[in-house]
Amino acid sequence: MRSACVARGVRHARRGAWAGQALVFAERGYHCLVQDTRGRFGSGTGEFFPIAHEREDGALTVRWLRRQPWCDGRVGTFGISYMGLCALAAVGGAGKLGDPP
């Protein structure tokens with residue numbers, strides 16, 4: 001099992017700098033998830049309302065990652081600008097991250 005990291009944002013998750021940043025983490029042994037926010041590109045559902053759902057949706061993503069059999073329960077986030085806001089919102093809504101998943 002290994003730790004995981006997640007980046008969530010409004011730019012297309014499968015393109016651009018996100019892929020390069022995720023690769024850096026993956027090369028260092030992390031599982032890395034890059035996710036579009038609700039209503040954006042590959043999210044598959046909902047409408048995008050800036051900031052409105054980032055805490056709830058991000059927390060769900062962090063909790064999901066922590067429960068995966070390949071994750072050791074430790075999840076980090078990364079990002080700047082809106083991605084940074086998403087990172088802070090995700091960990092702020094995920095509860096006590098030191099507790100078992």
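1. With which side chain does the side chain of Asp-72 make a polar contact? The partner is the side chain of Arg-74, at 2.9 Å. (A polar contact is a pair of N or O atoms within 3.5 Å; within protein, one must be able to donate a hydrogen and the other to accept it, and residues adjacent in sequence count only if both atoms are side-chain atoms.)

2. A word on the basis of these values. This is a predicted model, where local features need pLDDT of at least 70 and side-chain atom pairs count only at pLDDT 80 or more, while totals for chains, interfaces and linings use all residues. Residues are numbered from 1 along each chain as its sequence is written, and side-chain values use heavy atoms, with hydrogens and water left out.

3. The chain has three helices and three strands, in the order β-α-β-α-β-α from the N terminus on. (Helices, H or I with at least four residues, and strands, E with at least two, are DSSP runs numbered from the N terminus.) Of the 101 residues, 34% are buried, where buried means under 20% relative accessible area, exposed over 50%, and partly exposed in between, with a 1.4 Å probe and protein chains only.

4. Strand 1 runs parallel to strand 2 (residues 31–36), with six bridges joining them, and parallel to strand 3, with four bridges. (Two strands pair if DSSP finds at least two bridges between them.) Ala-4 shows both pairings: His-31 is its bridge partner in strand 2, and Val-75 stands opposite Ala-4 in strand 3.

5. Back to Asp-72, which sits in strand 3. Its relative accessibility is 28%, so Asp-72 counts as partly exposed. Asp-72 lies 68 residues from Ala-4 in sequence, and the two C-alpha atoms are 7.9 Å apart in space. Leaving aside neighbours within four places in sequence, Asp-72 is in contact (heavy atoms within 4.5 Å) with Met-1, Arg-2 and Ser-3. For the chain as a whole, among contacts between residues at least 6 apart in sequence, 71% join residues at least 24 apart.

6. Which residues make up the largest nonpolar core? There are seven: Ala-4, Val-6, Val-62, Leu-65, Cys-71, Val-75 and Ala-90. A second, separate core has five residues, including Ala-7, Trp-18, Phe-78 and Met-83. (A nonpolar core is a set of buried Ala, Val, Leu, Ile, Met, Phe, Trp, Tyr and Cys residues joined through side-chain atoms within 4.5 Å.)

7. Beyond its neighbours within four places in sequence, Leu-65 is in contact with Ala-4, Val-6, Leu-33, Trp-70, Cys-71 and Val-75.

8. Finally, the aromatics. The structure holds three aromatic pairs. One of them is Phe-25 with Tyr-30, edge-to-face at 5.9 Å centre to centre and 85° between the planes. (Rings of Phe, Tyr and Trp, with its six-membered ring, pair if their centres lie within 6.5 Å; planes under 30 degrees apart count as stacked, over 60 as edge-to-face and the rest as tilted.) Phe-25 is partly exposed at 27% relative accessible area, and Tyr-30 is partly exposed at 35%. Phe-25, Tyr-30 and Phe-78 form one aromatic cluster.
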